Amino acid sequence: MKNTPKLFRVFLDTSVLLSGLNSPFGASAFIISLFKLKKVIIVISPEVILEAKLAVEKKFPKLSAISQDFLLSEPEIIEKLTPKEIQDAYKLIKSEDTPILTAAVKSKPDYLITLDKRFQKLAQSKVNFKILTPGDFVKIYRQKNETRSLPEEEIKKQLKELNNL
Amino acid sequence: MNSRNNTILEKMSELEKELQFLKLRVFLDLPKKQKEKYKVYKERNIINEIKKIRKKLWDEKYSKTV
């Protein structure tokens, strides 16, 4: 019987989401591409969506259409946080990052991906999953998937098929 | 008409998949300096703006719950 590899479940911080939409060939975009190819599960929260929406409206209007397109690709969106959940998490991390960390904990991810080094340092000891930068996640993904020949082998296969058209 | 729409949707889905594979390939092959050219906004500005918004939301909304 063929074993189906477990897909990584990654919670994206808002900075990673917008960075991935902002730069098509960066590590954050790599994660979004993996998601669109169903190689990882992306989880976000209503708080991430709100932050992204406000940032796009105020400062990054050129990302408006691509943000909408991303949401249409149906990432997993966890339920809105309750005040009790925020209160409990605030006991662990007294910071404005509490709602994002609470949402990440609630989503039970394998990894939380963020570009904010301060947040990473502050929160890592409080949770039982790894908090990584996009670049570090890509390294881990590629190491773990080497034996499965993904994604490079698949790329070669796809390109070969394209050349044969 | 439905059958034609389905064909178009299937083709779009194939193209999307191929596009994502090509993006992965470019990520692996393209030197960092060249990747920078394709950024719409500076990454530092995105990170800083998110920090500002997060602080504002915390002060106006979440801090009242704790």
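## A strand with two neighbours

In chain A, Leu12(A) has Ile113(A) of strand E4(A) as its bridge partner. E4(A) covers residues 111-113, and three bridges join this strand to E1(A), with the two running parallel. Strands here are DSSP runs (E, at least two residues), helices are runs too (H or I, at least four), and both are numbered from the N terminus; two strands pair if DSSP finds at least two bridges between them.

A quick word on the ground rules: this is a predicted model, where local features need pLDDT of at least 70, side-chain atom pairs count only at pLDDT 80 or more, and totals for chains, interfaces and linings use all residues. Residues are numbered from 1 along each chain as its sequence is written, while chains are lettered from A and ligands numbered from 1 in the order in which they are written.

Back to E1(A), residues 8-12: the strand also pairs with E2(A), residues 40-44, through four bridges, and these two run parallel. Four of the five residues of E1(A) are buried (20 or more other C-beta atoms within 10 Å of a residue's own, with C-beta atoms placed from the backbone).

## H1(A) against H2(A)

Helix H1(A) meets helix H2(A), residues 27-36, with axes that come within 7 Å and cross at roughly 90 degrees. The axes are lines fitted to C-alpha atoms over the stretch in contact, and angles run from 0 to 180 degrees between N-to-C directions. That makes the two helices roughly perpendicular (65 to 115 degrees).

On the H1(A) side you'll find Val16(A), Ser19(A) and Gly20(A), facing Ser28(A), Ala29(A), Ile31(A) and Ile32(A) of H2(A). Contact means C-beta atoms, placed from the backbone, within 7 Å.

## H1(A) against H3(A)

H1(A), residues 14-22, also packs on H3(A), residues 46-58, at about 50 degrees with the axes 9 Å apart. Thr14(A), Leu17(A) and Leu18(A) of H1(A) touch Val48(A), Glu51(A), Ala52(A) and Ala55(A) of H3(A).

## Where the chains meet

The contact between the chains takes 37 residues from chain A and 30 from chain B. On the chain B side, helices H1 (2-29) and H3 (43-60) each supply at least two residues. H1(B) gives the most, with eleven residues.

Methods:
Contact = placed C-beta atoms within 7 Å. Parallel < 35°, antiparallel > 145°, perpendicular 65-115°, else oblique. Buried ≥ 20, exposed ≤ 12 C-beta atoms within 10 Å, placed from the backbone.
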